[in-house]
Amino acid sequence: MTSVAYDRTIQLGGEGRAPGWWAMVWTIATEAALFGFLLFSFFYLGSQSRSAWPPDGPLKLTLSLPNTILLILSSIAYMWGERGIRAGNQERLRLGLFIAFILGLAFIIIQGIEWSKQPFGAGDGAFGSLFYTITGFHGAHVIIGLCMNVLVQIWAARGTFTRESHLALTNAGMYWHFVDIVWLFVFSSLYISPRLG
Amino acid sequence: MPRLSRRLAPSAGALGSCALAGCTPLNVLAHDGVTGSRETGLGWFLVIVSCAVICIITILVLVAYARSRKRRTRDDAVFAGSSGVPWVMWGGVVIPGIVLLLTFIFTIGTLDAVAAPTRSPAATVKVIGHQWWWEVRYEGTGPSHTVVTANEIHVPVGQPVKLELTTNDVIHSFWVPALAGKTDIIPGQTNTTWIEARHTGVFGGTCGEYCGAQHAHMQMRVIADSPGDFQKWLADEAAPAAKPADPTAADGLRVFMTSGCANCHTIRGTGSGGGVGPDLTHIASRTTIAAGTLPNTQANLMGWILAAQAIKPGSDMPSMPLPSRDLQSLAAYLETLR
Amino acid sequence: MATLAPIATAPLERLHDTWEARPGLYGILATVDHKTIGKRYLVTSLIFLVLGGIEALIMRAQLTHANAHLLSPGAYDQLFTMHGITMIFWYASPVLSGFSNYIWPLMLGSRDMAYPRVNALSYWTFLASGIFIYTALCIGQAPNAGWFAYAPMTLRPFDPGLNMDFYALGLIFLTVSTTIGAINFIGTVMKMRAPGMSLNRLPIFVYGTMTASFAAVFSLPALTVATTYLYFERHFHMHFFDAAQGGSPLLWQHLFWMFGHPWVYIIVLPAMGMVSEMVPTFCRRPLVAYPYVAMSTIATGIIGFGVWVHHMFATGLPGVSMSFFSGASIIIAIPSAIAVFAWIATMWLGTPVWKTPMMFVAGFVVRFVIGGVSGVVTAAVPFDWQVTDTYFVVAHIHYVLIGINVFPVVAAFYYWMPKMTGRMMSETLGKWNFWTMFIGFNLGFFPMHISGLLGMPRRVYTYPASAGWGSVNLITTIGSAVFAVGVLLFVINIFVSLRRGAFAGSNPWHAGTLEWAMESPPPPYNFAVIPIIRSRLPLWEDQLGDETPGMIPGEGHSHVSEGVVLAEGRETFGTSPLEAHPLHVLHMPEDSMFPFLLAVAMLGTAYGLVFSLWWLAILGGIGMLACLIGWLWPRHLVTGERA
């Protein structure tokens, strides 16, 4: 280390996160709030609704439930890969990221099929509008997460990440897990909660 | 708390008489209604406490200024000084805490007192907010007993009247300061409020929520009649329009039916059934036109028909360039609709 | 663990070359220097202040007397909406971001903000969104439904033009700027403090902006959601607010005020923080009850999330919920009272020096109390039913926003301009400036309380003579003109001082905080050596000794002119969030064009969306993606940690 003090020395060190890590944490916090307000709208309009909510009875789980599992598996695959690089295993990282990407891609494709199969459109009343807006917002986040995943895969292929230094990987991972967790909230609100009423 | 509001009542009454005299008809601190007076009592309490707080703080700042001018020191000298925490504890926590607690108790008490009338309402009036006028309906036992009017709400004095507020366009707010504070009128829901006037008279009101280009011209009036007068008014209003008695008026009816007026307006008993604008069956009995924009005189009526868009730009009432003879007959006919 | 060993002198030239932006256009567009960005924020937001002020003066001309015909109702509606959103979104918050951007690293003992490029992006998006929203005014289709834009009046059937599309997209655009700015402040306060600047040594100004930033992170998404719904409902036939289709107009109100009330505190807490910096300097003693003021700042930010319904008391809510929100709105006065008495006690227990900034601060304290008590008045539900949506509330909001934002901001200009430019602003002109603004303000806005109590609704483009509001409105208009003259004197004083102001030196007010340690204006690298902090007022330690607040006996004194150099590229310390223990040497990013290009791409997308030019929107989107990838590509984000 060449940068220095004069007249005194200073001790560096201790556990602490990089500023970039905190940037992702607070980005996720504001995104979480965004989904909080989206779901607030869903429950608020549901509570004010004078007709059936959802209009055609609870949404089907045939595609959405397996799809939810896909997304969870994708998160787990990412975590597995990230654990790999922490042990210095580049191959495991690349494989984990790739599996996470494929599962995420599958999720978004199935989500597209799920959209096409709904009996209502985005213009058919408040429920339809909220359904497509909320799942659309989430889908956009999945796509952003997939873009991050592609970038991280490119960097991983070039061997950018090391056992000690992989902040971008950690950040993209945190975002991906967030997208996953927020889906659990979206899923239980849109698909499950009307069944409980 | 009620005692305080009663003690404040005389001063409120002084301002109130000014309001009744007409210098500021929407004065919030002048009241006549039962809920209005409770709200005004709370208002006076708040205004006086606020003024006291402002005076105390201003004096504290001015004294700090005056003191500092006596004790000049070097500009760059700094002193640690005493902690000053008692200032913050007393001035920032304890005293404001007590004042705010009193305010809260007074607020909750008033809220409870104005929530509902003590007796069941003598009448229920439906008020429908439109861009930019008020439709007023008294639903009777049948169509022949239903009264539909606009921009004026007659109520019996000394009796609570329930108001059901709805709209089909945008948000408006019902507000007659002397009788009651605002209740918003929101599409998709029916809000209710109640008013009770203590004296006969005319009480000004206006739309309290920005509702578009002519929000400024969306006034109405509450007219408190003696119970007998109120019943008579109700019976008069329920009747269909009188047949034109003279040729000019008959010509006016022809103009009304053929020039497009009837597409938007209703005069019961003539076959017209337009529902866009106000019901004109008894327009001559009303004191204003265009939702309080103009006094209801024949000249104003003609001006309004001719140039509504100049007087109230953006309203649904088109300027009607009628020939002057037609215009005069029409206005003469409308003047007969008592 | 690493130990940094000493050298003889700081290599000032090397530091200068490392940190200074390249000359020419590239340097202008690519710089990430927090001082440059801060100044740009200040200048831009002052321009918006003047624009909003001109809009207000035109409205005041219309309202001078009854039945005036200067403006059509449509023009008036656009003016009051633009006035509101300009002042609230494009002036009040950005001007505070400007001060925070400029002052924070100097105050915290850092060489830059945590995310310098994000900082640049935050400014460029702020500017671009301002250009976007003023495009609407230039083509005569400015937003026209009031700054809080209640649905359903904002929907196509009632407002078919582009007006509210500009509103929705403009606010989403600005929200991006504000959110990333807030994240930058949070990251900075967590990571970028000089070693030893623990939480109990942070200036209150830092607490103010930090609390505001947290509030922004959690409240702004509500606005994003609401405005997105609005855009979707207007463009894609969706239904969120249309009651006939299962929507609810009240959904807009809930979302808007869940954002809107915290926003009020976002635009006053940093200003109150600035006051808490100036009061001790001019009273020649440390702030009274510092921990109480710090905690009350945070408490205000938190309670601010629980009072939104007090904007909706007249919407027909159940009584219990009104009692709750009334109580919360009354309680929030307590933290403010704590701050007020801390300032007053500091004045009483100190020896105030009445320079211009102190005059503005004293004026502010009085106005703050007036705005505060009128706030309590509107928290009392039954009386709120009377005064809501009248000029009483207009008076209240202006006492809050001008009293608690503009006056501290003007004071802060007088206070910190010498640091930024190296030259003092004129004291004589300053006193004139103060008295015209103070008298004009009270003359203009106090009578609004009266016109409100006399029943004048807000947002009326004219009023009948019979209403009896003529004389109060005349006084208000005269007052607003006097106030405008005051603002003009202020602007003149800025320009005069740039040319002819006396040289300031490093610490013209003999203040105690760290930003006064380096010469004025500060060099590009801020600190030749990274200071080591041992008290809350490092520059007063030589006078106060062990009585300096925040000092721990036996820990020694702060070191401001000697410390660690860090001159291998753009370096500064990353410290721990609580104790500010130095953890690592951070390598700060170089200048970059990507923030500017990204903002341009976003502007293109926004124009595409508002004019339904989908090709432009898609092109902008691709541009944004490309910029982001380019931005993220460099080394430092991939290897940001350095153990």
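A nonpolar core is here a set of buried Ala, Val, Leu, Ile, Met, Phe, Trp, Tyr and Cys residues joined through C-beta atoms within 7 Å. A residue counts as buried if 20 or more other C-beta atoms lie within 10 Å of its own, as exposed if 12 or fewer do, and as partly exposed in between, with C-beta atoms placed from the backbone. The structure is a predicted model, in which local features need pLDDT of at least 70 and side-chain atom pairs count only at pLDDT 80 or more, while totals for chains, interfaces and linings use all residues. Residues are numbered from 1 along each chain as its sequence is written, and chains are lettered from A and ligands numbered from 1 in the order in which they are written.

The largest nonpolar core has 375 residues, of which Ala342(C), Ile344(C) and Val365(C) touch the most other members. Helix 15 of chain C, residues 391-421, gives the most to this core, with 21 residues. Helices (H or I, at least four residues) and strands (E, at least two) are DSSP runs, numbered from the N terminus. Leaving aside residues up to four places away in sequence, Ala342(C) touches Val88(B) as well as several residues of chain C, including Leu287(C), Ala289(C) and Tyr292(C). Contact means that the C-beta atoms of two residues, placed from the backbone, lie within 7 Å.

The relation between chains comes next. Two pairs of chains are in contact, and chains B and C share the most contacts. In that pair, 76 residues of chain B are in contact with 80 residues of chain C. On the chain B side, the elements that give two or more residues are helix 2 (34-70), helix 3 (85-114) and strand 7 (180-185), and helix 3 of chain B supplies the largest share, 16 residues. By class, this side has 39 nonpolar, 28 polar and nine charged residues; Ala, Val, Leu, Ile, Met, Phe, Trp, Tyr, Cys and Pro count as nonpolar, Asp, Glu, Lys and Arg as charged, and the others, Gly among them, as polar. Chain A and chain B, by contrast, do not touch, and their nearest C-alpha atoms are 10 Å apart.

Across the boundary, 33 residues of domain 1 of chain C are in contact with 35 residues of domain 2 of chain C. Helix 8 of chain C gives the most to the domain 1 side, with ten residues. That side of domain 1 of chain C has 22 nonpolar, nine polar and two charged residues.

Helix 7 of chain C is mostly covered, 30 of its 32 residues being buried. After this helix comes His237(C), in the loop between helix 7 and helix 8 of chain C. His237(C) has a positive phi of about 55° although it is not a glycine, and it is partly exposed because 15 other C-beta atoms lie within 10 Å. Another residue of chain C with positive phi, near 55°, is Asn67(C), in the loop between helix 3 and helix 4 of chain C. Asn67(C) is exposed, since it has 9 other C-beta atoms within 10 Å.

Two peptide bonds are cis. One runs from Gln131(B) to Trp132(B), with omega near 0°, and Trp132(B) is in the loop between strand 1 and strand 2 (133-138) of chain B. The other joins Ser520(C) and Pro521(C), with omega about -10°.

In chain A, helix 3 (residues 90-117) has 28 residues and reaches 41 Å from its first C-alpha to its last, close to the 40 Å expected. Among its buried residues are Leu93(A), Leu97(A), Phe101(A) and Phe107(A). Their cover includes helix 2 (64-86), helix 4 (125-157) and helix 5 (167-196) of chain A.

Definitions and conventions. The expected span of a helix is 1.5 Å times one less than its number of residues.
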